[in-house]
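Look over the structure below before reading on. The report then takes up single residues, strands, a helix and a pocket in turn.

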Amino acid sequence: MSYNELKQDMQVRVQKSIESLKKDFSGLRTGRASTGLLDSIMVDAYGSMVPINQVGNVSVPEARMLSVNVWDKNLLKHVEKAIRESSLGLNPMNDGVQIRIPLPPLSEERRVELTKIAGKYTEEARIAVRNIRRDILDKIKKMKNDGEISEDDQKRYEEDVQKMTDKAIEEMDELLKVKEGEIKQV
C-alpha cells in the first residue's frame, strides 16, 4: 500500500468520525426545535425497529414545537410511545392525526448535563481519530521496516499524519464550541 493510499484511507476514516460526531450532536436537544432531534428514535413498526423518519414526516411548525405526520395511522401509538420512552425527556401529544411534541425550555441543570454529554461525544471522536493515527503510523513504520520507504520519507509522512490529526481534532473542537453555544442559548 502506498503512502497516498494510506493518506486517503485516513482522510476517509477521519471524515466518518467527524460525521458521526455531527450525527451525535444532532440528537442533543438545544433550545430550538430541529427535525434532527428525533433521528435517533426507533419505532416498532410491523415487528421490526425502524427510524422514525421511515414511518412519517418530521417537521418544525413553530420554534418550540415538532410535528410528526405518521403515514400509517395504525402506528401513531407506537411512534408516540417511542418518543415518550426516549432519553430526550419529551411529552408527545397524539391528536389522532399527527403527533405534536412541545419542547419545554431547558433548565440550567439540563443545559449543564447536555454540555457534558456533548463533551463526552467529542472526546470519543477524538479517541477514534487518535486510533486511526496510530494505525496509519504503524503502517508507515512497517513500510520503513520492509524497505519500501526511506527514513526521511517516514519522518515526513509521520509529520503529515500528525497535521491531519491536529486539523481533525481542531474541527471537532470547533463543532463542540458551536454546539455548546446552542445549548447555552436561552
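A residue is called buried when its relative accessible area is under 20%, exposed when that area is over 50%, and partly exposed in between, using a 1.4 Å probe and protein chains only. The model is predicted, so local features need pLDDT of at least 70 and side-chain atom pairs count only at pLDDT 80 or more, while totals for chains, interfaces and linings use all residues. Residues are numbered from 1 along each chain as its sequence is written, and side-chain values use heavy atoms, with hydrogens and water left out.

| Residue | Relative accessibility and class |
|---|---|
| Gln98 | 17%, buried |
| Glu180 | 22%, partly exposed |
| Tyr46 | 65%, exposed |

Gln98 sits in the loop between β5 (93–94) and β6 (99–102). Helices (H or I, at least four residues) and strands (E, at least two) are DSSP runs, numbered from the N terminus. Gln98 counts as buried because its relative accessibility is 17%. Leaving aside neighbours within four places in sequence, Gln98 is in contact (heavy atoms within 4.5 Å) with Ser67, Val68, Asn69, Leu76 and Met93. The side chains of Gln98 and Ser67 also make a polar contact at 2.8 Å. A polar contact is a pair of N or O atoms within 3.5 Å; within protein, one must be able to donate a hydrogen and the other to accept it, and residues adjacent in sequence count only if both atoms are side-chain atoms.

Ser67 also stands opposite Arg100 in β6. Strand β4 (residues 65–70) and β6 are joined by four bridges and run antiparallel. Two strands pair if DSSP finds at least two bridges between them. An open sheet of four strands has the order β3-β4-β6-β5, with antiparallel pairing. Its edge strands are β3 (56–62) and β5, each of which pairs on one side only.

Another antiparallel pair is β1 with strand β2 (residues 48–51), joined by four bridges. Asp44 stands opposite Met49 in β2. Which residues of β1 are on its covered face, and which on its uncovered one? In strand β1 (residues 42–45), Val43 and Ala45 form the covered face, and Met42 and Asp44 the uncovered one. In a regular strand the side chains alternate between the two faces of the sheet.

The hairpin of β1 and β2 has two residues between the strands. Tyr46 lies in this loop, and its phi is near 55 degrees, a positive value in a residue other than glycine. Most residues other than glycine have a negative phi.

Helix α1 (residues 3–26) has 24 residues and reaches 35 Å from its first C-alpha to its last, close to the 34 Å expected at 1.5 Å a residue. The expected span is 1.5 Å times one less than the number of residues. The buried residues of α1 are Tyr3, Leu6, Met10, Val14, Ser17, Ile18, Leu21 and Phe25. What covers them includes α3 (108–145) and α4 (151–184).

Glu180 is placed in helix α4. Its C-alpha atom is separated by 24 Å from that of Ile83, 97 residues apart along the chain.

The largest pocket is lined by 17 residues, of which Gly27, Leu28, Ser40, Leu88 and Tyr121 lie nearest its centre. On a 1 Å grid over the protein atoms alone, a pocket is an open set of points where a 1.4 Å probe fits, with protein on both sides within 12 Å along at least five of seven lines; lining residues have an atom within 4 Å of a point. The largest share of the lining, four residues, comes from α3.
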